[in-house]
Amino acid sequence: MNTRDVVEALAESRDLSKAETRRLLDTAVETLKRNLSEGRGYSIPELGTFETHTRDARRSYNPHHESYMRLPPKRVVRFSPSKGLKEEMKELEETS
């Protein structure tokens with residue numbers, strides 16, 4: 001599913017124009033990005049929580065140069081699914 005599919009599904013379910021729906025989706029994404037860039041988490045009920053985490057510096061092997069290199073600390077986004085989403089995924093897994 002891509003952005004166009006999401007916009008069409010939301011517009012159809014809420015009787016909104018696709019342009020309005022796209023602006024709402026863009027606003028939600030920008031809010032999520034802003035919160036994460038400021039180090040704050042973002043929770044969407046029934047979906048899960050997005051949080052930032054700083055990954056420690058580490059050593060990594062570069063097979064091309066056959067040497068180790070140091071990777072600096074890195075800020076990454078983590079997603080924790082909600083309990084409801086976990087249960088739905090488990091049910092889908094069991095029926096497969």
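Trainee: What should I know before I start?

Mentor: The model is predicted, so local features need pLDDT of at least 70, side-chain atom pairs count only at pLDDT 80 or more, and totals for chains, interfaces and linings use all residues. Residues are numbered from 1 along each chain as its sequence is written, and side-chain values use heavy atoms, without hydrogens and water.

Trainee: How many helices and strands are in the protein chain?

Mentor: Helices (H or I, at least four residues) and strands (E, at least two) are DSSP runs, numbered from the N terminus. Here there are 3 helices and 5 strands. Along the sequence the pattern is α-α-β-β-β-β-β-α.

Trainee: Which strands form the open sheet, and in what order?

Mentor: Strands of a sheet pair through backbone hydrogen bonds, parallel or antiparallel. Two strands count as paired if DSSP finds at least two bridges between them. This sheet has 3 strands in the order β1-β2-β5, paired antiparallel. Its edge strands are β1 (42-44) and β5 (74-81). Gly 48 faces Pro 81 in β5.

Trainee: What about β3 and β4?

Mentor: β3 (residues 58-62) and β4 (residues 67-71) pair antiparallel over 5 bridges. Arg 59 stands opposite Arg 70 in β4. Their hairpin has 4 residues between the strands, and Glu 66 takes a positive phi near 50°.

Trainee: What is the radius of gyration of the protein chain?

Mentor: It is taken over C-alpha atoms; the globule rule is 2.2 Å times the number of residues to the power 0.38. A compact globule of 96 residues would have a value near 12 Å, but this chain has 19 Å. Its C-alpha trace spans about 60 × 35 × 30 Å along its principal axes.
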